[in-house]
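Have a look at the model below, then work through the steps with me.

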Amino acid sequence: MIARNANIDLNLLTALDALLEEESVTAAADRLGLSGPAMSRALGRIRRTIGDPVLVRAGRHMVPTPRALEIRAEVRRLVEAAHGVLAPSAPADPAELARVFTINANDLFVTAVGPQLVARVAQEAPGVVLRFLGESHIDLPLLRDGAADLELGVIDSREPEIRTEELFVDHGIVVVREGHPLTTVTLTARRFADAPHINFSRRGRLTGPIDTALAARGLRRKVIATVPTFAAALMMVRDSDAVGLATERIAARAVRALGLRTLPMPLDLPPMSMAMAWHPRLEADAGHRWLRGLVRRTVAESVGPESVSASPATASASPATARP
């Protein structure tokens, strides 16, 4: 029995975790960067090792066996523990850090906070590189998979274990070009609805909370285009008579740089909680703790100290308002 256990390939544990999470050989292969045949062979070896089918076909899908459901949580815990053991131990002194941190954030957040954050990193930890990822049109578990170390913005992660900490609260505003006809009148809900709209949606949606609020007043807006980034939306607003939407605090720098005018939102919309999020496996990591503190301080300076939460004790595993 001892010799048999000694010959177990621990790489199968990572493959098993992906299979149990995705419940699909193809999706698990994509997640680990393997070919379909290679993942199928791994599943075969897992089945022989465990003595259980693990995943069985039910119609067009695969479902886990009772044994697979029984060990799923333990497999996930073991994989996370292995990552923690194999990850390089970060020194307490940031000046000694030599590491790449990957941050997932939308373009407005990067524009507002990125320059100061990069400057601070260069000063405190010259061996650290920041890699910013743009938001995808589909929801990916980047924090869970380790593809990103930190996420900034409106957090709508569906993974219950993800830690979140509110940084500040922001509000929606209307943006138009300088000299736009709406700048000479009081912006009412009807005037707002009657104007052509440029919509921002990373998922390509044509409607959102704005449309729900307008519908409650018996109004409907005309969206003439939807674009995947805030920057593209603001550029189109600058060069047209369309109105756009932005956030009061985080978009302030971009709005000023483009010479746009801001108008108060004529609708009662809920505030947006801007936060940072990370996976619990990085909770105690010294380098990641330094990065979170640096982000906290940089946001306080870039967006305004009065908007930043008083204490990092607000961290939780609860998702915030959904993103567009």
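**Exercise 1.** In which sense do strand β5 and strand β12 pair, and over how many bridges?

*Solution.* This is a predicted model, where local features need pLDDT of at least 70, side-chain atom pairs count only at pLDDT 80 or more, and totals for chains, interfaces and linings use all residues. Residues are numbered from 1 along each chain as its sequence is written, and side-chain values use heavy atoms, leaving out hydrogens and water.

Step 1: Strands are DSSP runs of E with at least two residues, helices are runs of H or I with at least four, and both are numbered from the N terminus. Two strands pair if DSSP finds at least two bridges between them.

Step 2: β5 (residues 150-153) and β12 (residues 272-278) are antiparallel, with 3 bridges. L152 has M276 in β12 as its bridge partner.

**Exercise 2.** Which residues have the most contacts inside the largest nonpolar core?

*Solution.* Step 1: Such a core is a set of buried (under 20% relative accessible area, 1.4 Å probe, protein chains only) Ala, Val, Leu, Ile, Met, Phe, Trp, Tyr and Cys residues joined through side-chain atoms within 4.5 Å.

Step 1: In this core of 27 residues, the answer is F109, L152, W290 and V295.

Step 2: Helix α12 gives the largest share, 6 residues.

Methods. Buried means under 20% relative accessible area, exposed over 50%, partly exposed in between (1.4 Å probe, protein chains only).
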